[in-house]
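Trainee: Please pick one part of this model and take a close look at it. Then tie that part to the rest of the chain.

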Amino acid sequence: MIHKIITIAIIAFACIADLSAVSHKGVLLLPEKVAAVKKKASSDTLYRNGVNSIISTADALIRKPDITKVDYLGMAWLLTDDKRYAD
């Protein structure tokens, strides 16, 4: 379980932009950061496992919604462009 949390934290940290360079402070997940995580996941097992974990959690949330975990759905949508997660 701790491995899963650490992996997800690494991916989330990799997606978060340097806020000092962002004019709109509400935007934490910039497209370039999400693209970098997608690219890294194609060659790095740790990233791939983290992305897969996020997606599998989001898949479960589609079947049984939990408002406290809506961030998984958002991240899964950003990582896959699958409209099911956005809906």
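This is a predicted model: local features need pLDDT of at least 70, side-chain atom pairs count only at pLDDT 80 or more; totals for chains, interfaces and linings use all residues.

Mentor: Residues are numbered from 1 along each chain as its sequence is written, and side-chain values use heavy atoms, with hydrogens and water left out.

Confidence comes next. The protein averages a pLDDT (the predictor's confidence in each residue, from 0 to 100) of 78. A score of at least 70 is reached by 67% of the residues. Helix α1, residues 2-15, has the lowest confidence, with a mean of 66. Helix α3, residues 45-63, has the highest, at 91. I pick α3.

Helices (H or I, at least four residues) and strands (E, at least two) are DSSP runs, numbered from the N terminus. The order is α-α-α-α-α.

Now the length of α3. The expected span of a helix is 1.5 Å times one less than its number of residues. For the 19 residues of α3 that gives 27 Å, and the end C-alpha atoms are 27 Å apart, so the two agree.

At the start of α3, look at Asp44. One of its side-chain oxygens comes to within 2.8 Å of the backbone nitrogen of Leu46. That is a polar contact: a pair of N or O atoms within 3.5 Å; within protein, one must be able to donate a hydrogen and the other to accept it, and residues adjacent in sequence count only if both atoms are side-chain atoms.

Next, burial. Buried means under 20% relative accessible area, exposed over 50%, and partly exposed in between (1.4 Å probe, protein chains only). In α3 the buried residues are Tyr47, Gly50, Val51, Ser53, Ile54, Ile55, Thr57, Ala58 and Leu61. Take Ser53 from that list: its relative accessibility is 13%, so Ser53 counts as buried. Across the 87 residues of the protein, 28% are buried.

Helix α4 spans 70-80. Its buried residues are Leu73, Met75, Ala76 and Leu79. They sit on the same side of α4, because they cover an arc of only 170° around the axis. The arc is that of the directions from the helix axis to the C-beta atoms.

Leu79 points on to α2, residues 31-41. Its C-alpha is 6.6 Å from that of Val34, across 45 residues of sequence. Val34 is in α2 and counts as buried, at 5% relative accessibility. The buried residues of α2 are Val34, Val37 and Ala41. Their arc is only 60°, so they share the same side of α2. The face turned away carries the exposed Pro31, Glu32 and Lys39.

Just after α4, Asp81 takes a positive phi of about 60°.

Contact means heavy atoms within 4.5 Å. Of the contacts between residues at least 6 apart in sequence, 44% join residues at least 24 apart.
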